[in-house]
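Thanks, everyone, for making the time. I would like to walk through one model with you, going from its strands to a few individual residues.

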Amino acid sequence: MQAIPPTESLIEYPSDFPIKVMGPTHIDFAPTIVLVVQKHDPDFHEGKMEVRPSSKGNFTGLTVTVRATSREQLDALYSELSAHPMVKIVM
(Lines give C-alpha, C1' and ligand atoms only; values in the text may rest on other atoms or scores of the structure.)
Protein backbone atom coordinates (compact mmCIF):
# COMPACT_ATOMS: atom_id res chain seq x y z
CA MET A 1 0.00 0.00 0.00
CA GLN A 2 1.34 3.41 -0.97
CA ALA A 3 1.59 6.05 1.75
CA ILE A 4 -0.48 9.22 1.41
CA PRO A 5 1.55 12.39 1.94
CA PRO A 6 0.39 14.38 4.99
CA THR A 7 -0.45 17.35 2.75
CA GLU A 8 -3.04 15.18 0.94
CA SER A 9 -4.81 13.95 4.08
CA LEU A 10 -8.58 14.43 4.10
CA ILE A 11 -8.66 14.61 7.89
CA GLU A 12 -7.90 17.78 9.82
CA TYR A 13 -6.16 17.20 13.14
CA PRO A 14 -7.22 17.32 15.88
CA SER A 15 -10.77 16.11 15.24
CA ASP A 16 -13.32 13.62 16.52
CA PHE A 17 -13.10 10.50 14.35
CA PRO A 18 -15.55 7.56 14.43
CA ILE A 19 -14.21 4.02 14.02
CA LYS A 20 -16.47 1.00 13.63
CA VAL A 21 -15.36 -2.27 15.23
CA MET A 22 -17.19 -5.58 14.94
CA GLY A 23 -16.63 -8.85 16.75
CA PRO A 24 -18.45 -11.88 18.16
CA THR A 25 -20.82 -11.06 20.99
CA HIS A 26 -18.99 -11.61 24.27
CA ILE A 27 -19.34 -10.02 27.71
CA ASP A 28 -15.73 -8.75 27.54
CA PHE A 29 -15.82 -7.40 23.96
CA ALA A 30 -16.78 -3.76 24.64
CA PRO A 31 -14.62 -3.37 27.79
CA THR A 32 -11.63 -4.87 25.94
CA ILE A 33 -12.04 -2.48 23.00
CA VAL A 34 -12.30 0.47 25.41
CA LEU A 35 -8.92 -0.51 26.91
CA VAL A 36 -7.31 -0.77 23.47
CA VAL A 37 -8.69 2.61 22.39
CA GLN A 38 -7.59 4.29 25.63
CA LYS A 39 -3.97 3.39 24.85
CA HIS A 40 -4.21 5.67 21.83
CA ASP A 41 -6.70 8.24 23.18
CA PRO A 42 -6.35 8.49 26.98
CA ASP A 43 -9.48 10.69 27.23
CA PHE A 44 -11.71 8.07 25.59
CA HIS A 45 -14.52 6.67 27.76
CA GLU A 46 -17.61 4.47 27.31
CA GLY A 47 -19.78 7.54 26.72
CA LYS A 48 -18.01 7.97 23.38
CA MET A 49 -19.03 4.50 22.23
CA GLU A 50 -22.22 3.21 20.60
CA VAL A 51 -23.05 -0.49 20.93
CA ARG A 52 -25.28 -2.35 18.45
CA PRO A 53 -25.92 -6.11 18.46
CA SER A 54 -26.46 -7.87 15.14
CA SER A 55 -29.99 -8.99 14.24
CA LYS A 56 -29.32 -12.55 15.43
CA GLY A 57 -27.16 -11.43 18.35
CA ASN A 58 -24.07 -13.33 17.21
CA PHE A 59 -21.99 -10.19 16.65
CA THR A 60 -21.67 -6.81 18.31
CA GLY A 61 -20.86 -3.62 16.44
CA LEU A 62 -19.19 -0.74 18.24
CA THR A 63 -18.68 2.81 17.03
CA VAL A 64 -15.89 4.44 19.01
CA THR A 65 -15.33 8.15 18.52
CA VAL A 66 -11.72 9.02 19.24
CA ARG A 67 -9.97 12.37 19.37
CA ALA A 68 -7.61 11.99 16.41
CA THR A 69 -4.44 14.01 16.83
CA SER A 70 -2.36 12.59 13.97
CA ARG A 71 -2.37 10.08 11.16
CA GLU A 72 0.23 8.05 13.05
CA GLN A 73 -2.13 7.78 16.02
CA LEU A 74 -4.99 6.54 13.84
CA ASP A 75 -2.73 4.10 11.96
CA ALA A 76 -1.48 2.64 15.25
CA LEU A 77 -5.03 2.32 16.61
CA TYR A 78 -6.32 0.65 13.42
CA SER A 79 -3.37 -1.75 13.46
CA GLU A 80 -3.88 -2.75 17.08
CA LEU A 81 -7.63 -3.18 16.68
CA SER A 82 -7.24 -5.19 13.47
CA ALA A 83 -4.72 -7.52 15.11
CA HIS A 84 -6.85 -8.14 18.22
CA PRO A 85 -8.24 -11.71 18.37
CA MET A 86 -11.72 -10.50 19.42
CA VAL A 87 -12.07 -8.20 16.39
CA LYS A 88 -13.40 -9.35 13.02
CA ILE A 89 -13.72 -6.00 11.17
CA VAL A 90 -12.43 -2.44 11.66
CA MET A 91 -13.74 0.38 9.47
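Predicted model: local features only at pLDDT ≥ 70, side-chain atom pairs only at ≥ 80, totals over all residues.

Residues are numbered from 1 along each chain as its sequence is written, and side-chain values use heavy atoms, with hydrogens and water left out.

Let me start with strand β3, residues 59–68, where strands (E, at least two residues) and helices (H or I, at least four) are DSSP runs numbered from the N terminus. Of the 10 residues in β3, 7 are buried, buried being under 20% relative accessible area, exposed over 50% and partly exposed in between, with a 1.4 Å probe and protein chains only. Strand β1, residues 15–24, pairs with β3 in the antiparallel sense over 10 bridges, pairing being called if DSSP finds at least two bridges between two strands. Within that pairing, V66 in β3 is the bridge partner of F17. Strand β2, residues 49–53, is also antiparallel to β3, over 5 bridges, and here R52 stands opposite G61. The hairpin of β2 and β3 has 5 residues between the strands, and G57 there takes a positive phi near 80°.

Leaving aside residues up to four places away in sequence, T65 touches D16, F17, P18, F44 and K48, a contact meaning heavy atoms within 4.5 Å. From T65 to A83 the separation is 18 residues in sequence and 19 Å in space, C-alpha to C-alpha.

Turning to the surface, M22, F59, I89 and M91 form a nonpolar patch, with about 360 Å² of accessible area together. Patches here take residues with over 30% relative accessible area and no salt bridge, joining nonpolar side chains (Val, Leu, Ile, Met, Phe, Trp, Tyr) within 5 Å and like charges within 9 Å; a salt bridge is a side-chain nitrogen of Lys or Arg within 4 Å of a carboxyl oxygen of Asp or Glu. The areas come from the Shrake-Rupley method with a 1.4 Å probe, and for residues only the protein chains shown count as cover. I89 belongs to strand β4, residues 89–90, and is partly exposed because its relative accessible area is 40%.

Finally, Q73 sits in helix α2, residues 71–83, and counts as buried because its relative accessibility is 12%. With residues up to four places away in sequence not counted, Q73 touches H40, D41, R67 and A68.
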